[in-house]
Amino acid sequence: MAQEKFTFQAEVSKLLDIVAHSLYSHKEIFLRELISNASDACDRLRYAALTDAALTGGDADFKITLSVDKKANTLTVTDNGDGMNRDDLTEVLGTIARSGTQAFVDQMAASTKDTGKKKGKDAKGGDDMALIGQFGVGFYSTFMVADKVEVLTRKAGDKKAWQWSSDGKGEFTIDEAERDARGTDVILYLDKKEKEYLDPARIEHIVKQHSDHIGIPIILKGDGGEDGDKTLNTASALWTRPKKDITSEQYTEFYHHAAHAFDDPWMTLHNSVEGVLSYTNLLFIPSTQPFDLFHPDRKAQVKLYVKRVFITDDCEGLMPPYLRFMRGIVDSEDLPLNISREMFQHNPQLTKIRSGLSKRIMGELKKKANKKPEEYADFWNNFGAVLKEGLYEEPENREKILGLARFKSTTQDGWTSLEDYASRMKDGQEVIYYISGEDADAIAASPHLEGFKAKGVEVLLMTDPVDDFWLPSVGEFEGKAFKSAARVGADLDKVEDVDKDKKKDAKKDKAGKAIEPLLAQFKVVLGEAVKDVCASERLTESPVCLVTSEGDMDARLEKMLKQNRQAGMPDLTPRVLEVNPGHALIKRLAKRAKASDGKDSLIADAAHLLLDQARIIEGETVVDPKAFSRRLSAVMESGLKV
Ligand code: ADP
Ligand code: MG
């Protein structure tokens, strides 16, 4: 069969370009990546052999071998793992399969485009370099040190072998080949400047530093054949070793390998549980947001092992979705080895492990939140929005999650907890006030909050889309209801005034009475466009604002739902227009309304303009721009007549 030529998927070419031009200072990580892949390949085959023993063909002695050929200038990484067939090769070594990698490349490509030059070439392009370092590029990192890479591989169970070859410049080839047994050789033809990777001492150092946690032997072939072979790593699963023998570097390297991640873990949880159920967990919380945190195709990321045998890295039942930022492994002693992956999903033992893990994770988060609030803030910035999904997904953990939740507020810098909010509540204040919207600064400046500011009442700013979903279902925290400041009847009058002044209240009532004719005329003019028009208690500066009726859906939630639905949806549910009786403009309009017969066109125009104004402040668009500009001109003109 003749050689076949392929071009890399456009994204891979972009990635390779970034790799080739990077001044990445830790080029040696290519070896860690290859060893990590070889170890994964052995893990996969060990699992497959549980149900099809023939696959290992009598060789279940998994290992990774490194060999150098100084004459040929090559470094070869060999494994007896599951190997690849022709389709695997074109699929996984020609494309970018993982959505995270895809997002990373898009981001890198966008950032190089922005500046109009290749940031990667720029010695000061520290940001991008940090990104590559954080992200890693897996197999493609080999092109940092090699001008040519060959992959000779035979899939377990197949007779045919294949050779993949590329210089990393846009194309690769695939040929039929010969290989004695299953497994893979990755042969790097090292760049002239990268000869250090032929040096056994250097290789040993790199393996010790980055790959000691790998559970199978990594053997460096000596010059003198078998005798000179040397095992470079400890070769036992890291999580089975005593905690005191594990360095934080080893934990970090393990995290890189298990999570395919490249940042440092923010938290490491290594525990063994013994009892009715026995298992060990070595879990990590990343210090940066994975790229696919909100990607619809994201997969579960905690690997399941049973008695040291890797089972799956896609085990949905192991971690609840609101803890999907967790990485690492769980190794069970009790789950049966020989059942299919699908059957794990609904296994009662797994469900118990899951709830045990959730409890532990939340316990550790609580400790951190209490002891190191600043570090906790980093966690909350990254994953708070995800954790809050648990508020409606898992009611049994609701109290715990509410305790862990942090919010921005109108009176505090940084994050605040609900407990702290409660301790600052004013006399007479019975509920926890919040306002929701996309942008904290914008909602903090919303007219809805004027009365709250005047009374010194703190309002929480809910800016994550998920807030609009959990708030209606959660309802309260420690007996105190959550109440939107953008709703009718915020009960603000129950909260005691800073200066209790009965006369002021009487004055307010009088002002309210004085605008009644105006409100009545507004109601007639605006008709169906509003649910009601009433005098406002909350407004101190703005003339009007829109509030949601008790029982109606929150305006922001409704907007979000509408965006996700097809065209032809009715308009938003009409809201209540609140009018500020103390505002100079409203007072004048009220006077005019009293004198008019209800057919004053200026009042009609003003009603529509004020409603539009209230919508604009909410970040909405004017419903009828033509009518809006006609009315605006009319009102301005009448002002000039005086
Ligand atoms: P990742 O390991 O994060 O999936 P890589 O770029 O490191 O990404 O590897 C891409 C894919 O190539 C792997 O997921 C695997 O399917 C395949 N692969 C790489 N090396 C080997 C190997 N030694 N044996 C079998 N498959 C491999
Ligand atoms: Mg990899």
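Which residue lies over the face of Y189? K148 takes that place, at 4.7 Å from the ring centre. A charge is said to sit over a ring if NZ of Lys or CZ of Arg is within 6 Å of the ring centre and within 35 degrees of the ring normal. K368 lies over the face of W266, at 5.3 Å from the ring centre.

This is a predicted model, in which local features need pLDDT of at least 70 and side-chain atom pairs count only at pLDDT 80 or more, while totals for chains, interfaces and linings use all residues. Residues are numbered from 1 along each chain as its sequence is written, chains are lettered from A and ligands numbered from 1 in the order in which they are written, and side-chain values use heavy atoms, with hydrogens and water left out.

**Aromatic pairs**

A pair of aromatic rings is described by the distance of the centres and the angle of the planes. Rings of Phe, Tyr and Trp (its six-membered ring) pair if their centres lie within 6.5 Å; planes under 30 degrees apart count as stacked, over 60 as edge-to-face and the rest as tilted.

Helices (H or I, at least four residues) and strands (E, at least two) are DSSP runs, numbered from the N terminus. Both F8 and Y140 are buried; buried means under 20% relative accessible area, exposed over 50%, and partly exposed in between (1.4 Å probe, protein chains only). F8 and Y140 also belong to one aromatic cluster with F6, F139, W164 and F172.

In the second pair, Y305 has a relative accessible area of 5% and is therefore buried. F310 likewise counts as buried, at 5% relative accessibility.

**Strands and hairpins**

Two strands pair if DSSP finds at least two bridges between them. β4 and β5 pair in the antiparallel sense over six bridges, with L152 opposite Q163 in β5. These two strands form a hairpin with six residues between them, and G157 in the turn has a positive phi of about 95 degrees. Strand β5 (residues 161-166) is mostly covered, as five of its six residues are buried.

β5 is also joined to strand β6 (residues 171-177) by six bridges, and the two run antiparallel. Here Q163 stands opposite D175 in β6. The hairpin of β5 and β6 has four residues between the strands, and in it G168 takes a positive phi near 75 degrees.

Elsewhere, six strands form an open sheet with mixed pairing, in the order β16-β15-β18-β17-β20-β19. β16 (416-417) and β19 (476-477) stand at the edges, each with a single partner strand, so one side of each is left without a neighbour in the sheet. Strand β15 (residues 406-409) pairs with β16 in the antiparallel sense over two bridges; the bridge partner of R406 is S417 in β16.

**Nonpolar cores**

In soluble globular proteins, nonpolar side chains tend to be buried together. A nonpolar core is a set of buried Ala, Val, Leu, Ile, Met, Phe, Trp, Tyr and Cys residues joined through side-chain atoms within 4.5 Å. The largest core has 68 residues, of which F325, M326, F379, W470 and F482 touch the most other members. Helix α9 (residues 348-371) gives the most to this core, with seven residues. The core draws at least three residues from each of domain 2 (239-373) and domain 3 (407-494), with bounds that come from an automatic or database domain assignment.

Leaving aside neighbours within four places in sequence, F325 is in contact (heavy atoms within 4.5 Å) with F284, I285, P286, L293, F379, F383, V386 and L387. A second, separate core of 50 residues includes V12, L15, W162 and V186.

Most residues other than glycine have a negative phi. H260, in the loop between α7 (248-259) and β10 (265-273), has a positive phi near 50 degrees and counts as partly exposed at 28% relative accessibility. K307, in the loop between β12 (302-306) and β13 (309-312), has a positive phi of about 45 degrees. At 37% relative accessibility, K307 is partly exposed.
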